[in-house]
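Welcome! Take a moment to look over the chain below, and then we will walk through a few of its features together.

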Amino acid sequence: MTDHLKIALAQANPTLGNIDGNVMLARAFREEAEAFGADIVVYPELFLTGYPPEDLVKKPAFQRTVQKAMEDLAELTLDGGPAMLMSAPMVEDGKLYNAVCLLEEGKISARRFKNKLPNYGVFDEIRIFEAGPLPGPIPFKGVRLGVMICEDMWFTDVAECLAETGAEMLIVPNGSPYDHMKSDERLNHAVQRVTETGLPLVYLNQVGGQDELVFDGASFVMNADRSLPVQMPGWKESLVLTDWHRQPDGNWKCETNEVIEPEDELAQIYHAMVLGLKDYVEKNRFPGVVLGLSGGIDSALSAAVAVDALGAERVHCVMMPSKYTSTESLDDAAECARLLNVKLDSISIAPAVEAFDVMLQEPFAGLEPDITEENIQSRIRGVTLMALSNKLGHMVLTTGNKSEMSVGYATLYGDMCGGYSVLKDVYKTTCFRLSEWRNANFSPLFKGAPGPVMPQNVISKPPTAELREDQKDEDSLPPYEILDGILYGLVEEEKSFAELVEAGFDSHTIARIQNLLYIAEYKRRQAPPGVKISTRSFGRDRRYPITNAFRDKR
């Protein structure tokens, strides 16, 4: 039995499906931990494959590759270096489990399986994995480690079972995606488990982007007295060596003191967008991004995020003016490009608009111009950006926000055209706040430059699509403060018509916005992926039917 244990926490960023690359990353973290004198290295949930693997994990060839990689890593521990607490999908008796394996002395010496399989929001593990039995502790160097996998921490019985069967500390490998409500929830559940069991707890989370999900890291250690001796940083890979000692009463205590102060909400959202875009572009091997820079706030904010994620040299901006584009917009786009130090091309869409007028003159004869002509302009811009993407290889970054996507204030195959969106889950009012935040703040994790990233006029002027003379967004929509309040109630909180009326919103406006929300579902099904920020992101969390006759008007 030992009275001293050094546990290295590898807050790492695996790439889903890149088994060889993840093995190399695991080895690199282990080598660093060995240099610090670690006894064992803990890795996040399903580290070996990346998380969430979705239906890829059902493929037998994938399962065999993972098994071989786990065995190879186990063999590595013959060198006398640190053991590894490694997580991956594992097959046992023909059943597939979300597993954690202790690798030591050249072999897989213990396995534990996830007991609570989440089946809500972005999670559907029940259709992929078998639920494991309630776990018992894993013995290591005479210490009984109580390993719970992610969701297992959110329930009383798993920790209770571990405590009753002799666990001396709780270790929780996680693949916990960020949303703006998550930090407090994690901490509250950790406090409950520590309070119930009297055991210290290690919470180790993945970091990085995977499609629409972003994992923020922010791992921590909580001692039995509910103090936090370790709070790891968010949004970046990090290794921390935690130093544990057995106290005179027999209980374990982490003596390490490494606490990073948490960020405010706007900083977290902006970092999530930066990391989500960075990993989507780099893990899918795009050379960079191209986007339309209109002189409006959404494209300016999207461009700023892209520069902070990738660097100015990998961001190509294009101004695509029409006869409705104001000098103000041209000037604002140019100033944004200057502040961000990005390339800005100007490609007039006027010749293409004239060509469509000629092409459609006969079938449109006798009909007044309407939204059709507006959408043609948007679609010409989409085709232009896709042409540049095809020719130069850059991914098209779309710039629509959640307010617009909610009510269908977006054009299919036009401004919705592209490969990824950083504002997809961000309401318009939050876009204003984020723009002000970025103009006043900077992080060493950003690849852009400190200082303002857009002129104040971009933030303060009335939003407009500039698809007709003197157009403003509020010609078609309520003021964004009202629109976003109604949408937050309908989408995030699933409030009824009556509850929104009681909250002070106009009944006719509620009914109209609710209808727009429902009938725009077909557009959202065809939208590109984007960073999940809220608890109710479109596509991953909120899954509504396209054909839907229900309207709550009572």
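Let us begin with a pair of strands: β10 and strand β11 (residues 213–216) pair in the antiparallel sense over four bridges. Strands here are DSSP E runs of at least two residues, helices are H or I runs of at least four, and both are numbered from the N terminus; two strands pair if DSSP finds at least two bridges between them. This is a predicted model, where local features need pLDDT of at least 70, side-chain atom pairs count only at pLDDT 80 or more, and totals for chains, interfaces and linings use all residues. Residues are numbered from 1 along each chain as its sequence is written, and side-chain values use heavy atoms, leaving out hydrogens and water.

In this pairing, Gly-209 stands opposite Val-214 of β11. The two strands form a hairpin with two residues between them, and Asp-211 in the turn has a positive phi of about 55 degrees. Strand β10 (residues 207–210) is covered on both faces, with these residues all buried (under 20% relative accessible area, 1.4 Å probe, protein chains only):

| Face of β10 | Buried residues |
|---|---|
| One side | Val-207 and Gly-209 |

Now for a loop residue. Phe-36 lies in the loop between α1 and β2 (40–42).

Conventions:
Buried means under 20% relative accessible area, exposed over 50%, partly exposed in between (1.4 Å probe, protein chains only).
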